[in-house]
Amino acid sequence: MNHTIDYKELYNTSPCGYFCSLPDGTIIDSNKRFLEFTNYEREEVIEKKKVTDFLSAGGKIYFETVYSQILKLGGAVEEINFDFVKKDGTKFPVLINSVEIKDTEGRHLFTQSTVFNISQRKEYELELLIAKRKADDLSDELIQVNKELRSSSELILQQKLQLEEFNHHLKNKNKQLSNFAHIASHNLRAPVTNLNSLLDFYNESTDIEDRAMLFAKFEKVIGHLTETLNELIESVKIQENVNITHEPVIFDIVFDKTIETLEGQILESKAVVTSNFSEATNIEYPKIYLESIMLNLLSNSIRYRSPDRIPKIHFCTEINNNEITLIATDNGLGIDLKKHGHRLFGLSNTFHRHPDSKGVGLFMTKTQIEAIGGSIGVESEVDKGTTFKIILKKNI
Amino acid sequence: MLKKLIARNNITIHGDGNKSMLLVHGYGCDQNMWRFITPQFKDDYQIILIDLVGSGKSDENAYDYDKYSSLEGYADDIVEICDALEVKDVSFVGHSVSAMIGVLAALKNPAIFKKLIMIGPSPRYINDDDYFGGFSQKDIDELLETLDSNYLGWSSTMAPVIMGNADRPELAEELEHSFCQSNPAIAKHFAKVTFLGDNRSDLDKLTIETLILQCSSDAIASIDVGQYVHNHISNSKFVVLDATGHCPHLSAPNQTIEAMKRYLV
């Protein structure tokens with residue numbers, strides 16, 4: 001058999017539409033397939049119709065703003081989807097590829113276009129498009145839900161932090177209460193028991209002098225009891241007073257006032273009291289707390305002085321890691337930290353068989369320091385002396 | 001500031017003249033569309049080309065759907081760019097929708113502009129009582145459908161429009177790149193803003209000298225529409241080019257250049 005290829009036949013019967021148009025869009029030739037697609041007669045199209053005549057108004061805008069610009073700039077355009085309008089007004093979807101044919105000088109002579117009927121594919125594409133839109137909507141919805149989830153999770157986190165803070169507060173309160181119970185069972189009950197015993201002695205005694213002596217003891221114990229009770233009430237007040245005001249305080253001034261207050265005891269004990277606040281001269285701090293802290297530390301040092309040597313007490317400030325530290329050193333009795341360290345700052349703990357021990361001062365000092373966010377530490381050696389280091393607060 | 005704008009609008013500057021010309025593309029393309037025009041002006045002008053935010057190689061992340069929900073957002077950008085570049089007496093050339101963006105920019109800050117050249121302008125595409133814009137709401141819906149169907153394939157492939165251009169491969173590559181960057185969601189939003197907007201009332205306020213270049217046969221902006229624009233801009237000149245289509249600067253560059261030069265002299 002002789003296979004001669006008839007190009008004219010191939011052109012006309014290929015399963016796609018061909019047409020050729022002038023730069024202004026006028027169609028100057030088309031194959032039979034294109035005429036079949038559009039249901040027009042050849043003489044109705046050739047030199048009568050423009051490419052845009054086969055497009056809907058919306059399609060024309062796309063043709064002019066996208067298709068034409070790509071074609072003019074690049075000389076070719078591929079796989080653009082239009083709906084072509086048939087003679088009877090019905091539409092069918094096409095994919096169109098176009099290429100500009102130019103002369104040797106680059107002048108645009110005409111445009112060759114190939115048109116594929118994609119009716120079946122288009123139905124599937126529409127389904128895809130609908131699915132894609134749904135997916136987009138869902139994705140938007142998810143983003144929204146995600147946003148809401150994120151904000152509620154943030155809220156929960158905030159509530160959690162609030163709860164933690166509240167919990168912390170409650171724990172502190174609890175600690176205070178348990179301390180208070182401790183006082184009730186020890187600090188207050190012991191002297192009361194003491195009073196009861198004294199009362200028994202008093203009732204049993206017939207000697208007037210004995211009774212006078214016992215009565216004097218009553219007075220002394222009641223005096224201590226009252227003082228202890230007052231200080232306890234003070235310390236509870238400190239713990240509750242969270243929003244106490246800070247003000248600029250100069251260490252030298254507070255220290256001088258402390259010395260004046262304790263002048264009698266200093267004279268009596270012949271203590272040598274010195275200070276050096278040059279490293280940190282001042283601080284933003286509740287003034288009454290600092291006064292109370294210094295008063296407690298100084299009176300403690302005098303009270304627990306060694307009878308064997310002249311008491312030497314030195315106060316100074318240091319700055320460590322941006323924190324102002326107050327240091328009080330003495331050469332007094334010292335404390336056996338191994339034995340007593342763990343309950344040094346608790347209530348009603350006294351470590352010296354000393355007539356004036358009440359066991360409240362250090363507890364109150366610690367409470368005040370911690371209420372402002374600081375901490376207190378101690379170094380001590382029995383019969384050598386004690387050093388208290390108080391980190392007042394981060395300040396610089 | 002300027003650096004930010006250069007990235008946002010892909011600002012490029014060409015030519016070494018002492019006068020300033022700012023050319024802004026219309027819907028569907030980017031600054032590449034001026035390639036046949038700019039060589040003819042580069043001796044006399046400092047030519048500023050930009051891509052509108054959301055088009056071409058502009059910074060897609062700068063596309064704020066609120067800001068660009070009307071042409072005002074684009075007009076603000078034009079004023080901002082001229083201020084940052086410190087240019088005055090600018091000859092502004094706007095194609096299609098950018099003709100209206102130019103009008104809005106000139107109303108915001110008339111001092112910047114010397115002359116306006118509009119190519120295929122339309123203040124309103126939708127017919128409205130006595131006004132003939134050429135399209136109905138339904139037509140614009142069809143356009144949006146066409147956009148959708150052409151993006152269905154585009155969104156999943158990196159090179160949606162492959163340019164066969166053996167003799168100038170750099171052109172093909174550039175365009176391919178440029179069109180890849182057109183985000184379908186942005187293109188659709190921009191189409192709505194462009195084709196559903198109405199800027200007819202802004203035309204009457206314009207006092208700057210304006211040239212309207214109109215193709216004799218334009219499916220997007222008909223002669224009637226061009227005539228309407230001319231009638232409503234007091235200081236305007238109307239020139240009909242013997243050209244088909246919406247882009248005479250591409251299909252009839254020589255005529256376009258000649259008309260522009262005659263007006264700018």
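## Two-chain predicted model: sheets, helices and the contact between chains

In chain B, strand β6(B) and strand β7 (residues 236–244) run parallel to one another and are joined by seven bridges. The structure described here is a predicted model. Within this pairing, Cys215(B) has Leu241(B) of β7(B) as its bridge partner.

Ile117(B) has Leu211(B) in β6(B) as its bridge partner, and Leu116(B) stands opposite Thr210(B) in β6(B).

These strands are part of an open sheet of seven strands, ordered β1-β3-β2-β4-β5-β6-β7 in chain B, in which the pairing is mixed. At the edges stand β1 (12–14) and β7 of chain B, each of which pairs on one side only. From one strand to the next, the twist averages 20°. Helix α10 (residues 253–264) of chain B packs on this sheet and touches β4, β5, β6 and β7 of chain B, its direction making about 165° with that of β7(B). Helix α3 (residues 97–108) of chain B lies across β2 (19–24), β4 (90–95) and β5 of chain B, and runs at about 145° to β4(B).

**A sheet of chain A**

In chain A, five strands form an open sheet in the order β2-β1-β5-β4-β3, with antiparallel pairing. The edge positions are taken by β2 (27–30) and β3 (76–85) of chain A; each has a single partner strand, so one side of each is left without a neighbour in the sheet. Averaged over the sheet and with direction ignored, neighbouring strands are turned by 30° against each other.

Strand β1 (residues 17–21) of chain A and strand β5 (residues 108–117) of chain A run antiparallel and are joined by five bridges. Here Tyr18(A) has Thr114(A) in β5(A) as its bridge partner. Helix α4 (residues 57–74) of chain A lies across β3 and β4 (91–102) of chain A, running at about 160° to β3(A).

**Composition of the two chains**

The table sets out the content of each chain.

| Chain | Secondary structure | Buried residues |
|---|---|---|
| A | eleven helices and twelve strands | 26% of 396 residues |
| B | ten helices and seven strands | 49% of 265 residues |

The contacts within each chain can be described by their separation in sequence. In chain A, residues 24 or more positions apart account for 59% of the contacts with a separation of 6 or more. In chain B, 74% of the contacts between residues at least 6 apart in sequence join residues at least 24 apart.

**Confidence in chain A**

The mean pLDDT of chain A is 84, with 87% of its residues reaching 70 or more. Over residues 349–359 of chain A, however, the pLDDT is below 50, and this stretch has 19 contacts in the model beyond near neighbours in sequence. Where pLDDT is low, predicted coordinates should not be read in detail.

Leu195(A) is found in helix α5 (residues 119–204) of chain A. This residue counts as partly exposed because 16 C-beta neighbours lie inside 10 Å, whereas a buried residue would need 20 or more. Leaving aside neighbours within four places in sequence, Leu195(A) is in contact with Phe218(A) and Val221(A). The C-alpha atoms of Leu195(A) and Lys217(A) are 8.8 Å apart in space, although the two residues are 22 residues apart in sequence.

**The contact between the chains**

Chain B contributes 37 residues to the contact and chain A contributes 32 residues. On the side of chain B that touches chain A, α4 (137–154), α5 (169–180) and α9 (248–251) of chain B each supply at least two residues. Helix α4(B) gives the most to this side, with 13 residues. By residue class, the side of chain B that touches chain A divides into 19 nonpolar, 13 polar and five charged residues.

Note on methods:
Residues are numbered from 1 along each chain as its sequence is written. Chains are lettered from A and ligands numbered from 1 in the order in which they are written. This is a predicted model: local features need pLDDT of at least 70, side-chain atom pairs count only at pLDDT 80 or more; totals for chains, interfaces and linings use all residues. Two strands pair if DSSP finds at least two bridges between them. Helices (H or I, at least four residues) and strands (E, at least two) are DSSP runs, numbered from the N terminus. Axes are lines fitted to C-alpha atoms, for helices over the stretch in contact, and angles run from 0 to 180 degrees between N-to-C directions. Two residues are in contact if their C-beta atoms, placed from the backbone, lie within 7 Å. Ala, Val, Leu, Ile, Met, Phe, Trp, Tyr, Cys and Pro count as nonpolar, Asp, Glu, Lys and Arg as charged, and the others, Gly among them, as polar. pLDDT is the predictor's confidence in each residue, from 0 to 100.
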